[in-house]
Amino acid sequence: MTLPSSNMRVIISGGGTGGHIFPAIAIANALQSLVNGVDILFVGALGKMEMEKVPAAGYKIVGLPIAGIQRSFTLKNILFPFKLIGSLLKARKIISDFNPDVAVGVGGYASGPLLFIATQKGINCLIQEQNSFPGITNKMLASRVRKICVAYDGMEKFFPKEKILLLGNPVREEVTALLQRKDEALDFFKLEKGKKTVLVVGGSLGARTINHSIAAWLQNLPGDIQIIWQTGKSYYNEGKTKESDTVRVLDFIYRMDYAFAAADVIISRAGASTISELCLVGKPVVLVPSPNVAEDHQTKNAMALVNKNAALLVTDKDAVVQLGDVTATLLSNKVQQDMLSTNIKKLALPGSARQIAEEVIKLSKVA
């Protein structure tokens with residue numbers, strides 16, 4: 001039910017990757033559906049993808065000059081203290097000018113300075129942690145905020161138990177709308193109805209190891225298997241040379257509802273938002289976690305499923321040799337497919353965006 005019109009004002013901060021940005025937009029959309037006239041301002045990091053994606057979704061955004069600390073010694077680390085101080089000063093002005101009732105952090109560089117100042121000023125704050133292993137920013141903010149929304153069990157290892165709400169990750173729930181229309185989806189991709197279909201997704205930028213692994217598998221691809229292969233932009237031209245009647249190559253898949261409907265098995269990276277989406281879809285999944293992320297959190301995300309017999313895992317270093325064989329074996333084992341599908345569906349947490357939005361409303365002074 002939509003609440004009456006109000007002057008509720010909310011800041012949503014964070015970003016850096018789609019895994020932070022798209023959940024943030026989902027929360028904003030849910031707030032708009034629940035509160036007439038809610039005023040939402042995003043705060044991101046200058047030069048990061050949220051500065052493009054958030055306005056494209058119809059929201060205002062202000063950028064902070066913040067950046068992360070590099071793991072290796074670099075000039076950028078020398079500049080970090082100056083960028084942090086500049087970001088704290090700008091965050092203070094943004095909060096003073098916008099005067100929010102509540103602030104939400106979704107992780108990423110910008111949420112640190114913004115929520116630090118917001119809590120300092122006595123503004124109620126909530127953070128949403130997508131991963132099974134929290135990022136540094138959210139761990140530092142945990143003692144200062146009122147509520148912490150998480151997507152995995154066992155997060156009391158990192159956060160105060162009394163603040164935790166297990167609500168899942170906000171995802172594009174519309175991707176499940178066509179799951180029962182497989183023939184229509186196969187027609188959309190111009191694929192055969194009698195063959196087993198593998199969907200390969202590595203994120204909007206692609207995943208080099210997954211792309212190389214699929215290219216290697218194509219040399220001995222069984223005749224009863226066909227592939228929908230999202231390569232990302234950087235590998236698209238090379239991948240396109242390998243397209244055939246049984247291999248559809250795309251740099252980006254705009255109709256993920258059709259892609260999920262067509263798939264018998266899905267090969268994917270293990271970002272938190274991606275995994276939450278895969279749980280809603282409920283198809284058998286082979287995860288190839290990226291090793292190039294902070295604290296190796298994709299492996300931790302993947303293991304949360306693997307330990308419950310809800311997905312298979314192939315390591316990045318073994319993928320070129322093993323990924324094709326593991327996928328082909330899974331496609332030939334209907335019992336294992338059904339088990340993985342049943343178990344991954346049990347981990348789905350639908351309606352997360354709305355539930356998180358409801359918690360934001362509770363924290364607002366005007367709710």
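Which residues of α4 are buried? Ser111, Gly112, Pro113, Leu114, Leu115, Ile117, Ala118 and Thr119 are. A reminder before I go on: this is a predicted model.

So much for the list; now the helix itself. α4 covers residues 111-120 and is mostly covered, with eight of its 10 residues buried. Just after α4 comes Gly122, and its phi is positive, about 80°.

Next, the cores. The largest nonpolar core has 62 residues. Five of them touch the most other members: Ile11, Leu199, Phe260, Ile266 and Leu287. Helix α9, residues 256-262, gives this core its largest share, six residues. A second core is separate and holds 31 residues, including Met8, Ile61, Val104 and Leu363. As background, nonpolar side chains in soluble globular proteins tend to be buried together.

Take Ile11. Leaving out residues up to four places away in sequence, Ile11 touches Leu41, Val43, Ile94, Ile95, Phe98, Pro100, Val102, Ala103, Val104 and Leu114. Leu114 is a buried residue of α4. Val104 belongs to the second core.

On to helix packing, with two pairs. Packed helices are described by the angle and the distance between their axes.

Pair one is α1, residues 18-34, with α14, residues 352-363. Their axes come within 8 Å and cross at roughly 65°. That makes α1 and α14 roughly perpendicular to each other. The crossing is right-handed. From α1, the contact uses Ala26, Ile27, Ala30, Leu31 and Leu34. From α14, it uses Ala353, Arg354, Ile356, Ala357, Glu358, Val360 and Ile361. By class, that is 10 nonpolar residues, two charged and no polar.

Pair two is α7, residues 208-218, with α12, residues 319-331. Here the axes come within 8 Å and cross at roughly 65°. This crossing is right-handed too. On the α7 side we have Thr209, His212, Ser213, Ile214, Ala216 and Trp217. They meet Ala319, Val320, Leu323, Gly324, Thr327 and Ala328 of α12. The class count for this contact is seven nonpolar, five polar and no charged residues.

α1 with α14 has two charged residues and no polar ones. α7 with α12 has five polar residues and no charged ones.

Last stop, Asn292. It lies in the loop between β12 (285-287) and α11 (297-306). Is Asn292 buried or exposed? Exposed: its relative accessible area is 67%, and the cut-off for exposed is over 50%. Asn292 and Asp245 are 47 residues apart in sequence. In space, C-alpha to C-alpha, Asn292 and Asp245 are 34 Å apart.

Conventions: Residues numbered from 1 in each chain as written. Predicted model: local features only at pLDDT ≥ 70, side-chain atom pairs only at ≥ 80, totals over all residues. Heavy atoms only, no water. Axes fitted to C-alpha atoms, helices over the stretch in contact; angles between N-to-C directions. Helix = DSSP H or I, 4+ residues; strand = E, 2+ residues; numbered from the N terminus. Parallel < 35°, antiparallel > 145°, perpendicular 65-115°, else oblique. Left-handed = near helix turned anticlockwise from the far one by under 90°. Contact = heavy atoms within 4.5 Å. Nonpolar A, V, L, I, M, F, W, Y, C, P; charged D, E, K, R; others polar. Buried < 20%, exposed > 50% of the residue type's maximum accessible area, 1.4 Å probe, protein only. Core = buried A, V, L, I, M, F, W, Y, C linked by side-chain atoms within 4.5 Å.
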